[in-house]
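Dear colleague,

I am passing on to you the structure we spoke about, and my notes on it follow below. Please look through the model first and then read on.

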Amino acid sequence: MRAILLHYGVPTAGRHVVIIGRGPTLGRPLSLLLSSRGHGGDAAVTVVHSAVPELKTHTLRADILVSGVGQPGLVTPDMVREGAVVVSAGITWQGKRLLPDVLESVAEKASWITPRLGGVGVMTVAMLLLNTVQAAEREMPKI
């Protein structure tokens with residue numbers, strides 16, 4: 001996720017990032033990466049979850065908003081500040097349909113937004129698999 005922001009030239013230093021989701025595959029690691037020192041970090045990070053009362057008060061303060069909870073349509077245009085960067089990382093299967101956390105209409109308010117489907121979710125799974133293979137290769141005895 002941090003690599004995606006860096007790749008597209010989205011500055012994080014000094015920015016307020018709000019991450020909706022506290023899971024071990026996205027929310028927690030991303031909060032640590034974005035708040036760490038150096039290029040792609042140095043952000044002020046707030047981690048919230050879908051059960052937080054008045055979620056909108058937190059999201060409206062975000063320069064960069066990341067949603068990764070897997071709750072369809074959770075992020076609506078009224079929850080996003082004009083010109084914010086929005087990263088949609090949460091998806092949910094509803095029957096045969098794949099639904100994103102962020103509504104398509106949020107794009108009208110965002111200065112930059114990831115694809116709602118086929119975007120970072122696929123990349124997250126790919127990177128987890130890559131890390132697993134690399135870890136397994138490191139543990140294999142040398143022949």
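In which loop does T114 lie? Before I answer, please bear in mind that this is a predicted model. T114 is found in the loop between β7 (112-113) and α4 (120-139), and with a relative accessibility of 2% it counts as buried, because the cut-off for that term is under 20%. A polar atom of the T114 side chain lies 2.9 Å from the backbone nitrogen of S88.

Turning to the sheet, five strands make up an open arrangement with parallel pairing, in the order β2-β1-β3-β4-β7. Its edge strands are β2 (44-48) and β7, each of which pairs on one side only. Within the sheet, β1 (residues 16-20) and β3 (residues 64-67) are joined in the parallel sense over four bridges, and V17 stands opposite I64 of β3.

Helix α2 lies across β1, β2 and β3, and runs at about 170 degrees to β1. In α2, which spans residues 27-35, the buried residues are G27, L30, S31 and L34; these cover an arc of only 105 degrees around the axis, and therefore sit on the same side of α2.

As for the nonpolar cores, the largest has 17 residues, and I20, L55, L65, V75, V80, V86 and V106 are those with the most contacts inside it. Apart from that core lies another, of 13 residues, including V10, L30, L34 and I64. Leaving aside residues up to four places away in sequence, V106 touches V75, T76, P77, V80, V86 and I113.

With best wishes

Conventions: Residues are numbered from 1 along each chain as its sequence is written. This is a predicted model: local features need pLDDT of at least 70, side-chain atom pairs count only at pLDDT 80 or more; totals for chains, interfaces and linings use all residues. Side-chain values use heavy atoms; hydrogens and water are left out. A nonpolar core is a set of buried Ala, Val, Leu, Ile, Met, Phe, Trp, Tyr and Cys residues joined through side-chain atoms within 4.5 Å. Buried means under 20% relative accessible area, exposed over 50%, partly exposed in between (1.4 Å probe, protein chains only). Contact means heavy atoms within 4.5 Å. Helices (H or I, at least four residues) and strands (E, at least two) are DSSP runs, numbered from the N terminus. The arc is that of the directions from the helix axis to the C-beta atoms. A polar contact is a pair of N or O atoms within 3.5 Å; within protein, one must be able to donate a hydrogen and the other to accept it, and residues adjacent in sequence count only if both atoms are side-chain atoms. Two strands pair if DSSP finds at least two bridges between them. Axes are lines fitted to C-alpha atoms, for helices over the stretch in contact, and angles run from 0 to 180 degrees between N-to-C directions.
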